[in-house]
Structures are given as C-alpha cells and as structure tokens.
Amino acid sequence: MADALSGGNAALALLCNTIATAGALLALILAIGPVSGAHFNPAVSVVEVLAGRMPWRDLPAYLGAQFTGAVAGVWVAHAMFALPLVQVATKVRAGPAQWLSEVVATSGLLLVIAGCAARDRAVGSITTPVAVAAYIGAAYWFTASTSFANPAVTVARALSDTFAGIRPADAGLFIVAQVIAVGIVVGANRLRRA
C-alpha cells in the first residue's frame with residue numbers, strides 16, 4: 001500500500017511501512033504475548049533457550065510456527081493486495097554495510113528485549129512491547145538494512161517481490177548476520193552475569 005500510494009517517493013513509502021510495522025507489532029505483542037510470549041522471532045527464541053528461560057524441547061515448535069507464520073503472512077498480504085501469492089524477491093540488499101546493519105539491528109533488538117523483560121518481570125509493566133515496537137520503528141531508519149532483525153521475516157521477505165523484499169541470494173547473509181547477533185547478545189549476557 002505504501003509503495004502504491006507514495007508516488008515513487010521511497011522515503012515516504014519507508015515512513016508508511018515504519019508506522020504500520022511498529023503499530024501492528026505493538027498490538028500483536030500485547031495481544032499474543034500472554035499466550036506465546038510473543039515469540040515472532042527465531043533469534044528471540046534461541047536467546048531465551050540459551051538463557052535457560054525456555055526449554056530446548058519447545059524450540060522446534062516455536063521455530064516451525066515462526067517460519068510458517070511468516071510465510072503465511074506474506075501470502076496473506078499478497079492476497080489482500082491482489083498480488084500473485086507466490087513470488088521471488090528481486091530487490092538487492094547486499095554488502096558489508098547491510099550485513100553490519102543486520103548485526104546491529106538484531107543485537108539491539110535482543111538487548112532491548114532482555115533489558116526491558118527483566119524490568120517487566122519485576123514491576124509487571126508493558127515496557128517490553130512498547131520498547132520493541134519503538135526500537136523496530138527507529139531501526140528502520142538508523143540501519144542501512146531497514147532492520148529485518150528476524151530470520152523468519154527475512155525468509156518471508158525473500159518471497160515478496162515488493163518494496164519490502166530481499167533477493168533470496170542476499171537473504172542467507174542477512175540470516176548469518178542475525179545469528180552473529182545472537183552470539184554477541186548471549187556472550188554479553190554471560191559476561192554481565194559473571
């Protein structure tokens with residue numbers, strides 16, 4: 001919708017996508033959080049398992065649901081806008097600046113979640129959902145990659161030849177960058193506890 005209505009203005013399309021993403025993310029975290037912990041992101045689930053806050057046996061079901069949900073979501077979006085359901089993205093997103101941006105975006109997201117979740121457990125507030133939505137909205141603009149920060153989203157966006165897409169050839173290194181971010185955050189959390 002943003003791409004169609006922005007008249008070719010990429011900044012306006014990105015701003016529209018930012019507002020829609022941050023708003024929907026906040027609403028979904030608040031609505032679904034009590035059911036699943038709002039685990040939309042495999043990187044978040046892996047960090048939770050490695051931190052001992054989620055059992056390993058639950059991880060395969062979460063990963064399956066996250067990737068299935070992301071792909072189903074992109075197909076629903078295509079259907080809503082009368083686009084072909086099955087697509088392959090052609091948007092180039094490659095290079096060291098993009099990969100570094102994904103490390104920064106994903107690390108920042110995971111650190112925001114960890115820091116705010118500890119506070120929320122202590123005081124029972126909604127800091128985490130608000131902070132996550134604000135962070136993702138901001139990271140659209142302060143990272144060169146527009147902050148995918150989620151391996152399932154990366155796969156889904158490779159299946160959408162739209163403004164938000166990423167060529168499948170580029171998606172693998174985005175996911176590698178996101179995995180590196182998991183390692184950085186897990187290491188940082190271990191150092192903090194030591």
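**Group meeting: a walk through an all-helix model**

Hi everyone, let's start at one residue: leucine 83 sits in the loop that joins α4 (59–80) to α5 (96–123). Helices here are DSSP runs of H or I with at least four residues, strands are E runs of at least two, and the numbering starts at the N terminus.

A quick word on the ground rules. This is a predicted model, where local features need pLDDT of at least 70 and side-chain atom pairs count only at pLDDT 80 or more, while totals for chains, interfaces and linings use all residues. Residues are numbered from 1 along each chain as its sequence is written, and side-chain values use heavy atoms, with hydrogens and water left out.

Leucine 83 is partly exposed, at a relative accessible area of 36%. For that scale, buried means under 20% relative accessible area, exposed means over 50%, and partly exposed is in between, with a 1.4 Å probe and protein chains only. Which residues does leucine 83 contact, leaving aside neighbours within four places in sequence? They are His78 and Thr162, where contact means heavy atoms within 4.5 Å. Valine 182 is another matter: leucine 83 and valine 182 are 99 residues apart in sequence, and their C-alpha atoms are 34 Å apart in space.

Is histidine 78 buried or exposed? Histidine 78 counts as buried, at 2% relative accessibility. Not counting residues up to four places away in sequence, histidine 78 touches Leu83, Pro84, Leu85, Gln87, Leu159, Ser160 and Thr162. Between histidine 78 and leucine 26, 52 residues apart along the chain, the C-alpha separation is 22 Å.

Helix α4 also holds glycine 73, which counts as partly exposed at 37% relative accessibility. Glycine 73 and valine 153 are 80 residues apart in sequence, yet their C-alpha atoms are 9.5 Å apart in space.

That brings us to helix α7, residues 151–158. Six of its eight residues are buried, so α7 is largely enclosed by the rest of the structure. The buried ones are Pro151, Ala152, Thr154, Ala156, Arg157 and Ala158. What covers them? The cover for the buried residues of α7 includes α3 (42–50), α4 and α8 (168–193).

Most residues other than glycine have a negative phi, and most peptide bonds are trans. In the loop between α6 (127–142) and α7 we find threonine 146, and its phi is positive, about 65°, although it is not a glycine. Threonine 146 counts as buried at 12% relative accessibility. Serine 147 is in the loop between α6 and α7 too, with a positive phi near 55° in a residue other than glycine. Serine 147 is buried, at 3% relative accessibility.

On to the rings. How many aromatic pairs does a search of the whole structure find? It finds two. One of them joins tyrosine 135 and phenylalanine 142, edge-to-face, with 5.7 Å centre to centre and 75° between the planes. The rings considered are those of Phe, Tyr and Trp (its six-membered ring), paired if their centres lie within 6.5 Å; planes under 30 degrees apart are stacked, over 60 edge-to-face, and the rest tilted. Tyrosine 135 is buried, with a relative accessible area of 13%, whereas phenylalanine 142 is partly exposed at 48%.

Finally, let's zoom out. The protein has eight helices and zero strands. Its radius of gyration is 16 Å, close to the 16 Å that the globule rule gives for 194 residues, so the protein is as compact as a globular protein of that length. That radius is taken over C-alpha atoms, and the rule is 2.2 Å times the number of residues to the power 0.38. Along the principal axes, the C-alpha atoms fill a box of roughly 50 × 35 × 30 Å. Buried residues make up 41% of the 194. Among contacts with a separation of 6 or more, 69% come from residues 24 or more positions apart. The accessible surface is about 9,800 Å², with 73% of it belonging to carbon and sulfur atoms; the areas come from the Shrake-Rupley method with a 1.4 Å probe, and for residues only the protein chains shown count as cover.
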